[in-house]
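Thanks for making the time this morning. I would like to take you through one model, and I ask you to keep the sequence and the structure in view while I speak.

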Amino acid sequence: QVQLVESGGGLVQAGGSLRLSCAASGHTFSTLGMGWFRQAPGKEREFVAAISWSANSTYYADSLKGRFTISRNNAKNTVYLQMNSLKPEDTAIYYCAADPGNYYRDYIVTHDTEYDYWGQGTQVTVSS
């Protein structure tokens, strides 16, 4: 079992920045592919970004490239999402998720059904 706990959400003005963190336990973190997803009110959950277990590969939703950066610190069992130039449409609950299969397939997946473990989410609200 993998436990994931997100933190770092909050209220920020448009144009501001936030860094989300996701701490993992219960598994060898360095073998997990990790992803971030978000769900806005009344919308389906959508892919944001992912990073491979080795940190050699990252992948972003096209609409977020250049503003969001995913990274990981295996020594701290933590994955991060740096969000810059935030917009009101970035308002959502942000979830981190773990993909144990990434270690074996060695490519990043973006569909939420491919991720086996999920955190409880952290709210990000961007005011205009």
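What follows is a walk through strand pairing, the nonpolar core, salt bridges and aromatic pairs.

Before anything else, please note that this is a predicted model, in which local features need pLDDT of at least 70 and side-chain atom pairs count only at pLDDT 80 or more, while totals for chains, interfaces and linings use all residues. Residues are numbered from 1 along each chain as its sequence is written, and side-chain values use heavy atoms, with hydrogens and water left out.

Let me begin with strand β5, residues 46–51. Helices and strands here are DSSP runs numbered from the N terminus, with at least four residues of H or I for a helix and at least two of E for a strand. Five of the six residues of β5 are buried, so the strand is largely enclosed by the rest of the structure; buried means under 20% relative accessible area, exposed means over 50%, and partly exposed lies in between, using a 1.4 Å probe and protein chains only.

Which strands does β5 pair with? Two strands pair if DSSP finds at least two bridges between them. With strand β4, residues 33–39, β5 pairs in the antiparallel sense over five bridges, and M34 stands opposite I51 there. With strand β6, residues 58–60, β5 is joined by three bridges, again antiparallel, and A50 stands opposite Y59. Each hairpin has six residues between its strands: in that of β4 and β5, G42 takes a positive phi near 75 degrees, and in that of β5 and β6, A55 takes a positive phi near 70 degrees.

Now to the interior. A nonpolar core is a set of buried Ala, Val, Leu, Ile, Met, Phe, Trp, Tyr and Cys residues joined through side-chain atoms within 4.5 Å. The largest such core has 37 residues, of which L4, M34, W36, L81, M83 and Y94 touch the most other members. Among the elements that give two or more residues to this core are β3 (18–25), β4, β5 and β9 (92–99). If we take contact as heavy atoms within 4.5 Å, and leave out residues up to four places away in sequence, the partners of Y94 include L20, W36, R38, V48, L81 and V124. S21, in strand β3, counts as buried at 16% relative accessibility, and, with neighbours within four places set aside, its contacts include V5, E6, W36 and V79.

The next topic is charge. A salt bridge is a side-chain nitrogen of Lys or Arg within 4 Å of a carboxyl oxygen of Asp or Glu, and the structure holds six of them. R38 bridges to E46 with the closest N and O atoms 2.5 Å apart; R38 counts as buried at 7% relative accessibility, whereas E46 is partly exposed at 36%. R67 bridges to D90 at 2.8 Å between the closest N and O atoms, and this pair links distant parts of the chain, with R67 in the loop between β6 and β7 and D90 in the loop between β8 and β9, 23 residues apart. Are R67 and D90 buried or exposed? R67 is buried at 12%, and D90 counts as buried at 0%. R38, E46, R67 and D90 are linked in a network of salt bridges.

Finally, the rings. Rings of Phe, Tyr and Trp (its six-membered ring) pair if their centres lie within 6.5 Å, with planes under 30 degrees apart counted as stacked, over 60 as edge-to-face and the rest as tilted. The structure holds eight aromatic pairs. In one of them, F37 and Y115 have ring centres 5.1 Å apart and planes at 80 degrees, so the pair is edge-to-face. F37 lies in strand β4 and Y115 in the loop between α1 and β10, 78 residues apart, and both residues are buried. Y95 and W118 form another edge-to-face pair, at 6.5 Å centre to centre and 75 degrees between the planes. Y95 counts as buried at 15% relative accessibility, whereas W118 counts as partly exposed at 25%. F37, F47, Y59, Y95, Y115 and W118 form one aromatic cluster, which brings us back to Y59, the residue opposite A50.
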